[in-house]
Amino acid sequence: MPNDPIEQEYSAWERDHVNDVPDDDHIAMDNDVEVVDAPAKQKCRNWRTKEEDALMKCIVNELVGDKWRAENGFKCDFFKHLEKELEKFLLGTDLKANPHIDSNVKYWKVTWAKIIDIIVLSGFGWDDVNKCILLEKDIWNEYEKAHTKKANGMYGKTFLYFDD
């Protein structure tokens, strides 16, 4: 059990609401978010697991109907709407539609496209339990040599929100 009271509060809430979508329940957020330097001198925000969980639940909840769906993704202002939903759900959050939500969704899309490209290859598979790419290390090493950019950081990593 974590020592941080916010983590304890979230853990208790998560146990009770693991399959729920966000409603009027709130999670207090502290604002000591780690910011790291990106190569282009732009600041990157590292998302917490509970923030990504909340974002994914909000997206799933909002996409139940066709209100926010469009042919090429999401309708205009969808991320702005998600920002408002996250403010209700994560008290004290500083997540904004642009750049935070927009860039995280783009990251998910790029990562999931890489996973799909990898798991369709012979000898590669998907582990539904651990949510990771399934293969032998020596096969991965050969793949990584040939596809350095695509393979970078993918081996042994868990992708919680990917569902083949």
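These legends describe close-up views of a predicted model.

**View 1. Helix H4 from end to end.** Helix H4 covers residues 97-119. It has 23 residues, and at 1.5 Å a residue it should span 33 Å. The C-alpha atoms at its ends are 31 Å apart, which agrees. Buried residues of H4 include Ala97, His100, Ile101, Asp102, Asn104 and Val105. Trp108, Thr111, Ile115, Ile118 and Ile119 are also buried in H4.

**View 2. Helix H3 against helix H4.** Two packed helices are described by an angle and a distance between their axes. Helix H3 spans residues 78-89. Its axis lies 9 Å from that of H4, and the two pack at an angle of about 105°. H3 is therefore roughly perpendicular to H4. On the H3 side, the contact is made by Phe79, Lys80, Leu82, Glu83 and Leu86. On the H4 side, Ala97, Ile101, Asp102 and Val105 meet them. Six of the residues in this contact are nonpolar and three are charged, with no polar ones.

**View 3. Leu55 and its surroundings.** Leu55 sits in helix H2, residues 49-62. Its relative accessible area is 0%, so Leu55 is buried. Leaving aside residues up to four places away in sequence, Leu55 touches Trp47, Leu82, Leu86, Ile101, Asn104 and Trp108. Of these contacts, Leu82 and Leu86 also take part in the H3 side of the contact with H4. Ile101 belongs to the H4 side of that contact. Phe89 is 34 residues from Leu55 in sequence, yet their C-alpha atoms are 9.5 Å apart in space.

View 4. The model has eight aromatic pairs. One of them joins Trp108 and Trp112, which are stacked. Their ring centres are 5.8 Å apart, with 10° between the planes. The two residues are four apart in helix H4, so about one helical turn separates them. Trp108 has 6% relative accessibility and therefore counts as buried. Trp112 is partly exposed, because its relative accessible area is 23%.

**View 5. An edge-to-face pair, Trp126 and Phe162.** The ring centres of Trp126 and Phe162 are 4.8 Å apart. Their planes stand at 70°, so the pair is edge-to-face. Trp126 lies in strand E7, residues 125-127. Phe162 lies in the segment after helix H6 (148-151). The pair therefore ties together parts that are 36 residues apart in sequence. Both Trp126 and Phe162 are buried.

**View 6. A cluster of aromatic rings.** Phe124, Trp140, Tyr143 and Tyr155 form a cluster. Ring pairs link these residues.

Methods
Residues numbered from 1 in each chain as written. Predicted model: local features only at pLDDT ≥ 70, side-chain atom pairs only at ≥ 80, totals over all residues. Heavy atoms only, no water. Expected span 1.5 Å × (residues − 1). Buried < 20%, exposed > 50% of the residue type's maximum accessible area, 1.4 Å probe, protein only. Contact = heavy atoms within 4.5 Å. Phe/Tyr/Trp six-rings, centres within 6.5 Å; stacked < 30°, edge-to-face > 60°. Axes fitted to C-alpha atoms, helices over the stretch in contact; angles between N-to-C directions. Parallel < 35°, antiparallel > 145°, perpendicular 65-115°, else oblique. Nonpolar A, V, L, I, M, F, W, Y, C, P; charged D, E, K, R; others polar.
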